[in-house]
4 protein chains.
Amino acid sequence: MSKLHEECGLFGIYDRDGFDCAHLTYYALFALQHRGQESAGIAVNDDGVIIYHKDKGLVPDVFNEVVLQHLKGRAAIGHVRYSASDKVREDAQPLVTRYKKGTLATAYNGAIADPIGERTKLESDGAIFQTSSDTEIINYYLARERIRTHTIEEALSNVLKKLKGGYSLLVMSPRKLIAARDPLGYRPLCIGKKQNTYIFASETCALDAIGADYVRDVEPGEIVIADENGLHSITENCSGKSALCIFEYIYFARPDSVIEGTSVYEARVHAGHALAKSAPVDADLVIGVPDSGLCAAIGYAEESGIPYGTGLIKNRYIGRTFIQPSQDMREKSVDIKLNALAANLRGKRVVLVDDSIVRGTTCHKLIKMLKKAGATEVHMRISSPLFLWPCYFGTDIPSRDELAAYKYSEEEMCKNFGADSLAFLRIEDLASLVPGREKGFCEACFTGKYDIEIPQNRSLKSFQERRFSENE
Amino acid sequence: MSKLHEECGLFGIYDRDGFDCAHLTYYALFALQHRGQESAGIAVNDDGVIIYHKDKGLVPDVFNEVVLQHLKGRAAIGHVRYSASDKVREDAQPLVTRYKKGTLATAYNGAIADPIGERTKLESDGAIFQTSSDTEIINYYLARERIRTHTIEEALSNVLKKLKGGYSLLVMSPRKLIAARDPLGYRPLCIGKKQNTYIFASETCALDAIGADYVRDVEPGEIVIADENGLHSITENCSGKSALCIFEYIYFARPDSVIEGTSVYEARVHAGHALAKSAPVDADLVIGVPDSGLCAAIGYAEESGIPYGTGLIKNRYIGRTFIQPSQDMREKSVDIKLNALAANLRGKRVVLVDDSIVRGTTCHKLIKMLKKAGATEVHMRISSPLFLWPCYFGTDIPSRDELAAYKYSEEEMCKNFGADSLAFLRIEDLASLVPGREKGFCEACFTGKYDIEIPQNRSLKSFQERRFSENE
Amino acid sequence: MSKLHEECGLFGIYDRDGFDCAHLTYYALFALQHRGQESAGIAVNDDGVIIYHKDKGLVPDVFNEVVLQHLKGRAAIGHVRYSASDKVREDAQPLVTRYKKGTLATAYNGAIADPIGERTKLESDGAIFQTSSDTEIINYYLARERIRTHTIEEALSNVLKKLKGGYSLLVMSPRKLIAARDPLGYRPLCIGKKQNTYIFASETCALDAIGADYVRDVEPGEIVIADENGLHSITENCSGKSALCIFEYIYFARPDSVIEGTSVYEARVHAGHALAKSAPVDADLVIGVPDSGLCAAIGYAEESGIPYGTGLIKNRYIGRTFIQPSQDMREKSVDIKLNALAANLRGKRVVLVDDSIVRGTTCHKLIKMLKKAGATEVHMRISSPLFLWPCYFGTDIPSRDELAAYKYSEEEMCKNFGADSLAFLRIEDLASLVPGREKGFCEACFTGKYDIEIPQNRSLKSFQERRFSENE
Amino acid sequence: MSKLHEECGLFGIYDRDGFDCAHLTYYALFALQHRGQESAGIAVNDDGVIIYHKDKGLVPDVFNEVVLQHLKGRAAIGHVRYSASDKVREDAQPLVTRYKKGTLATAYNGAIADPIGERTKLESDGAIFQTSSDTEIINYYLARERIRTHTIEEALSNVLKKLKGGYSLLVMSPRKLIAARDPLGYRPLCIGKKQNTYIFASETCALDAIGADYVRDVEPGEIVIADENGLHSITENCSGKSALCIFEYIYFARPDSVIEGTSVYEARVHAGHALAKSAPVDADLVIGVPDSGLCAAIGYAEESGIPYGTGLIKNRYIGRTFIQPSQDMREKSVDIKLNALAANLRGKRVVLVDDSIVRGTTCHKLIKMLKKAGATEVHMRISSPLFLWPCYFGTDIPSRDELAAYKYSEEEMCKNFGADSLAFLRIEDLASLVPGREKGFCEACFTGKYDIEIPQNRSLKSFQERRFSENE
């Protein structure tokens with residue numbers, strides 16, 4: 001998948017062992033860097049005062065030792081953000097705001113269903129907005145609910161009731177660290193423990209990175225509060241239902257993470273298995289598009305019995321800001337990301353596995369590269385179904401007209417890409433990714449069936465107007 | 001005076017001639033750089049959309065050609081800010097906020113009388129705050145007033161009525177550029193014109209820098225609106241009174257500026273005249289402390305007949321961030337800012353003129369330096385009265401206990417500094433700075449008589465709590 | 001292998017088609033980034049004038065579009081450098097020097113046998129040195145030879161005769177681009193072609209990145225000149241022998257490169273085959289240490305019939321400057337580079353393949369991580385022989401006392417690492433990496449047999465004295 | 001004078017009291033910043049090892065506390081460099097080179113008479129050059145002389161004999177700090193003392209900045225060596241003659257410096273006296289162009305009896321990199337450097353004093369500004385003679401055709417500038433700047449009489465070819 005998602009990574013820690021919260025958050029955010037490369041931030045609670053640092057850039061670029069030394073505190077939350085659209089620097093999180101009862105720092109991953117409606121409502125009540133982030137909406141509702149409730153967690157519970165959408169969040173108040181998922185649990189959030197210290201993270205790989213143990217996931221609708229007494233939970237918004245985004249398994253999460261009890265790696269291998277069953281082909285080698293197609297390729301190879309191998313080498317320094325080759329250069333075969341491994345491809349019929357096709361703009365070039373390197377046939381297999389519908393809850397999808405699967409038939413795509421065959425995972429096989437799961441998924445991008453009502457006339461880019469932007 | 005003031009510089013332009021607003025604002029802010037070295041920002045109105053760029057640093061450091069090229073628009077406002085206390089990056093101005101009716105950019109200079117009270121009031125109504133700047137309070141009030149008024153200028157007029165304090169401000173809405181001063185006119189703001197284009201600036205030196213002509217000052221309480229039809233004015237808050245900060249003449253403004261019809265240079269020369277009359281001395285040479293004491297020294301020389309000369313040379317690269325000499329180094333005579341001009345001082349009895357004494361920490365060293373260079377006597381003359389009272393409206397004064405004039409008698413100061421004599425401008429001579437002025441000044445720092453009631457128990461640093469801070 | 005090598009990457013292009021040389025060099029250097037992360041540089045020949053830009057940092061950090069736009073020219077050479085020791089910024093290459101006949105830019109990879117001796121000789125003749133790089137020695141010899149020869153290539157040929165060592169280099173003069181390898185060909189260098197334009201590169205992956213075709217390798221001792229007439233060659237120093245560094249196949253080169261006709265990927269797979277034959281084990285899964293052990297792991301799996309799988313996930317953002325976890329944090333299990341894939345390891349007997357062991361400091365932790373993730377046995381297999389001897393020709397090896405294989409027996413290492421078994425590739429199996437090769441390799445780090453005499457008492461760090469250093 | 005000079009500032013310290021050499025050098029270089037704004041550097045001698053840091057930029061930008069902490073040592077030399085032409089980063093000084101006997105750091109101010117000839121000679125002997133600086137030539141000669149002499153100071157003495165030109169320099173060897181001036185003493189260099197520690201500096205203002213006492217100047221041709229035993233001197237190259245650059249008094253040096261016993265301030269005042277005598281005018285006010293014309297204006301006022309005053313205010317933040325107004329903007333009266341002080345000028349006949357006219361490009365605008373501010377007449381007085389001849393020894397003068405005084409008669413200049421009269425200091429009055437001086441000056445830029453023979457056909461820009469350049 002191209003860089004089209006609009007994910008974020010969250011991390012929070014409430015220290016009861018004397019750990020260095022800022023450094024642990026730093027390492028955890030680095031483990032979550034794949035969830036957001038646009039900005040990074042850490043806020044700490046220094047004896048009731050919230051101090052923070054955030055900026056555009058990757059985690060190692062935003063923080064240095066001097067900054068981390070300043071961020072001393074008993075609790076910390078951190079955030080990495082990805083954004084497909086240009087955003088103002090003010091959008092970096094955590095968002096720290098002062099309100100009636102003190103200071104709050106909020107880190108957020110997801111999307112609310114009707115941001116324009118919510119903003120309009122708040123503005124009619126005298127609100128002013130400085131960012132284009134949903135987080136500011138949440139902090140406003142928290143501030144207003146807090147005026148008529150006794151605790152911040154009560155206020156948050158009321159917000160969860162009202163604010164339709166798919167989101168996970170962390171709220172740090174002067175004395176508490178609170179984690180929550182929307183009642184349908186679109187976005188993941190898990191609980192970890194290191195000695196007596198409780199931790200929240202978008203993915204378990206962040207727990208592994210700092211040597212913490214996985215305890216359990218936050219339940220959809222659950223509010224979990226960590227404070228000096230340990231952990232307690234508010235479950236009044238828990239419905240028992242789930243609309244976990246299936247794309248977390250397919251693409252977003254790191255393969256070494258475990259979400260709601262299921263290994264991401266295994267889910268992808270299972271997709272490969274299912275794909276091999278539903279779309280078999282006679283071939284000599286199965287390869288994956290690095291890095292997102294590799295696990296499903298392993299699954300395809302296992303199920304099909306065709307040997308798995310390396311066919312494409314990815315430049316391991318990709319990830320930083322880079323002068324992109326011009327169109328002219330790309331046409332002259334300049335490719336800085338992937339290279340075909342001719343030694344392994346020469347004379348072979350190849351199954352090429354990728355996780356999804358959104359715009360489909362790079363498939364043609366990839367297949368041409370493989371054939372130039374000696375592959376005699378290239379059979380493309382996609383470990384997710386046809387991507388046909390927009391996502392309103394966190395995935396940043398272009399206009400439906402830009403979706404390859406919406407514009408073209410499978411046959412047309414196959415021909416356009418220069419593939420010898422093309423097949424997608426069947427929708428009915430999505431369940432096989434997580435065997436035995438009874439709660440559902442959000443699969444709306446494949447099916448068009450949304451679990452939450454979407455406001456009519458809502459544009460895909462919810463906050464379309466370039467209200468204010470920062471030039472750098 | 002040491003760097004203790006908390007001034008800001010404002011500039012706004014509504015183009016009707018095809019000028020490059022961002023570049024003109026850039027040059028104008030550079031001319032106002034003395035009013036604020038901590039952060040700089042420019043917001044432009046690009047056909048109804050407000051785009052901005054702001055950051056910590058001096059004007060030349062914050063902007064480069066690429067950024068200025070992006071800031072295209074028909075109107076622009078700019079801001080330079082000084083702050084004695086550590087502030088968050090979010091405090092840089094202009095503050096751009098979205099509210100019920102669109103987007104506003106605000107640039108502000110001054111202080112409101114009861115910021116904590118105002119914040120508390122707004123928070124009780126559900127407001128959240130992201131900065132520690134008064135500007136956010138103003139934008140909130142503007143947003144709330146705007147809901148029940150027909151125009152932004154009406155809303156602003158209501159805000160002026162309610163919000164006690166000493167401040168000037170510029171508000172840029174998608175179609176208008178609005179300038180206003182509080183009803184007592186604590187902070188300066190003038191109107192300029194370049195061809196058919198109207199301009200607002202804190203000081204006339206910014207008009208000169210861009211080749212604009214001075215039209216007049218904005219009146220205390222006046223609201224002046226520039227739009228495509230030209231200029232019009234709302235005067236319903238004008239009282240005819242004035243509490244213009246006398247320190248604008250004494251220290252803040254550039255000597256080549258003209259404020260409310262009076263040359264700052266001449267006001268300082270007049271102060272020197274008055275000082276020479278009230279505190280004469282038999283001496284061979286009058287010198288000033290560069291740069292703030294030079295004009296008054298010229299006045300002292302003129303009136304006394306003692307020759308004026310150069311006694312101290314200032315390093316002309318002072319102004320940028322610099323590693324300050326350690327206490328140990330300072331004791332070993334390391335001085336990077338000023339050097340005595342021995343050729344001019346040797347064997348002379350010197351009158352040393354400075355604009356004011358706040359903490360008085362550098363006087364001793366300065367006089368020692370002059371005597372080492374050969375001055376036989378040093379008579380210190382201060383072109384403002386004893387600084388005895390805190391300022392709540394824009395000058396960032398330390399605790400009263402840190403004011404030299406509060407802690408020590410004139411005799412003690414003279415002895416501590418090692419001066420042969422010491423004298424201050426008399427309060428009754430302040431009027432002589434601006435001959436013929438009938439409207440008053442705010443002279444509260446000398447007299448303790450405030451024109452606006454100060455909330456009881458208001459701390460000197462109004463927003464004392466380090467609510468959130470940014471570490472860099 | 002840890003970051004102990006001192007490799008460099010070279011690229012050169014002599015344009016005859018109107019290509020943008022600087023951009024192509026930029027993309028090629030990015031493809032060679034694995035050969036050097038400390039500094040990067042590009043020099044272009046702009047109609048006889050050599051212009052250059054170089055600095056510390058990764059390729060994307062050193063160059064931006066503005067810089068590349070300035071680097072216009074008909075020919076270009078580029079360089080990426082790695083250095084284990086602190087070097088002065090002046091050491092960045094290409095080294096551009098003016099001499100009797102004009103200007104030369106030189107890019108260099110390797111090491112000469114007796115740098116101190118050579119410097120001493122030159123200094124006795126009045127030379128002064130500004131860098132700690134061998135390249136400066138080469139430029140001196142080139143300058144001196146050039147005085148008594150007719151062409152720069154003749155001069156270079158004389159230098160190759162005299163200057164013992166293992167090195168490849170590119171020299172750009174105002175009208176020519178010249179490539180050369182030392183007579184034993186320690187370091188790789190290949191020739192590519194894109195339309196009518198000739199290209200030189202350390203590895204073929206750089207040719208692939210810019211869509212150029214591989215022509216052949218520069219022969220050991222050969223000098224190849226590209227100019228407006230095309231390519232010609234001087235072979236008088238070619239011996240027919242080869243001491244190509246075997247570590248290019250084992251670790252240095254990218255797997256998608258082809259060196260002297262052999263795929264690096266295949267060489268590593270062959271090493272895995274040989275290892276599986278000589279050191280079989282009964283196990284359930286073969287995994288590699290990413291990225292350097294993956295190819296050999298695939299080979300081990302193929303030969304042994306044990307399934308290959310993913311057992312360790314590497315953070316894909318590793319590669320940039322990063323605050324390393326403190327010893328205390330590492331002991332508390334903070335690991336930001338690798339994570340075990342528990343889903344794949346649980347209950348399995350694992351073969352863990354890595355390319356080499358130098359200090360062996362991370363093996364213990366890695367095996368502990370695998371066992372914590374559920375591996376019941378971990379059998380370590382190293383796809384190169386015991387690393388016992390220092391390298392003087394490009395690999396930056398610590399004192400022999402730091403080599404794990406020198407300090408400990410295989411049994412001790414196995415125990416220290418906590419492995420269930422440990423085996424290395426046998427020296428006699430090194431030949432199997434490149435089947436059919438008749439020319440030899442340099443295998444001195446395994447055997448202690450050096451093809452070039454090493455000066456007695458030569459220290460491992462040839463230029464030990466910290467002659468001058470730059471603090472940043 | 002516009003920024004046309006190519007000066008440098010030197011500072012050296014040999015500590016015998018436990019001072020922090022790097023910090024003292026930093027403060028001293030800041031005091032010398034007016035002599036060079038392009039690059040700055042400090043080298044220290046850390047127990048025989050020379051460590052250094054240098055870069056493009058102003059002193060406060062090149063160094064920070066971390067860097068200074070690293071630069072620990074018993075001796076230090078520092079350098080600030082100005083350059084009118086684009087130079088490579090490698091040209092920053094001190095130049096640190098290793099040669100036969102160890103390491104040398106050299107800091108240099110001036111120019112040798114025949115750089116191309118010297119380079120050619122050295123290149124014929126096998127030298128290679130990495131910079132475009134004369135310093136590299138000097139280090140080569142030092143290295144070559146050192147081979148056949150017993151000490152570095154002997155070698156330096158031989159170099160002084162051979163190398164025609166006008167230059168001062170500091171050489172730091174592992175155990176000594178050596179200062180020298182060419183036999184005619186074109187550039188200043190003085191000796192200071194702080195407790196038992198000896199210091200060298202281009203100007204005395206650097207001594208004052210660090211609290212050191214002025215001892216004496218280094219004599220023309222003298223070599224002064226500071227080491228652990230104190231100071232000693234080699235005088236075999238001293239001729240007793242002097243060709244000190246008169247422009248040091250007129251423009252280069254800081255007014256608070258004393259050169260060869262004469263106050264720079266007083267020399268300028270004397271020039272003003274002489275000018276008032278030779279070119280009197282009936283006027284109301286004497287003003288100077290800040291900062292370079294102020295002292296002579298004071299002198300003119302004293303002698304003429306016309307009151308001295310401030311007529312132009314300079315933006316005190318000038319000095320840093322700045323986006324210059326476009327030609328179009330300048331025509332629209334955008335001026336960011338100077339502003340007229342209308343309050344002082346209105347209705348007055350003004351004498352405007354500047355130090356020199358080189359290209360004369362800004363005079364017209366300046367006079368227009370004064371008249372717009374109300375001056376009824378502007379009489380321009382220049383405190384140096386007509387600038388008619390190129391300088392080969394340190395001043396970077398454009399082609400003779402660009403010199404206003406060469407292209408136009410005085411009458412034409414006066415008319416072009418829009419002045420009411422124009423007069424220059426007479427050549428015969430130059431002596432009056434330093435009453436009683438018997439040794440001469442270099443006044444070649446006014447007279448065309450050079451004390452050293454200039455190679456025929458020498459171009460003004462001695463090292464014209466853009467041999468290699470760095471793009472940033």
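In chain C, the axes of helix 9 (residues 264–278) and helix 10 (residues 294–304) come within 6 Å and cross at roughly 45°. Axes are lines fitted to C-alpha atoms, for helices over the stretch in contact, with angles from 0 to 180 degrees between N-to-C directions. Helices (H or I, at least four residues) and strands (E, at least two) are DSSP runs numbered from the N terminus.

This is a predicted model: local features need pLDDT of at least 70, side-chain atom pairs count only at pLDDT 80 or more, and totals for chains, interfaces and linings use all residues. Residues are numbered from 1 along each chain as its sequence is written, chains are lettered from A and ligands numbered from 1 in the order in which they are written, and side-chain values use heavy atoms, with hydrogens and water left out.

Helix 9 and helix 10 of chain C are therefore oblique to each other (under 35 degrees is roughly parallel, over 145 roughly antiparallel, 65 to 115 roughly perpendicular, the rest oblique). Residues of helix 9 of chain C in the contact (heavy atoms within 4.5 Å) include Tyr265(C) and Leu275(C), and those of helix 10 of chain C include Ile298(C) and Tyr300(C).

Now chain D. Four strands form an open, parallel sheet there, in the order 17-20-21-22; strands pair if DSSP finds at least two bridges between them. Strand 17 (285–288) and strand 22 (421–424) of chain D are the edges, each pairing on one side only. Six bridges join strand 20 of chain D to strand 21 of chain D, and Arg349(D) has Glu377(D) as its bridge partner in strand 21.
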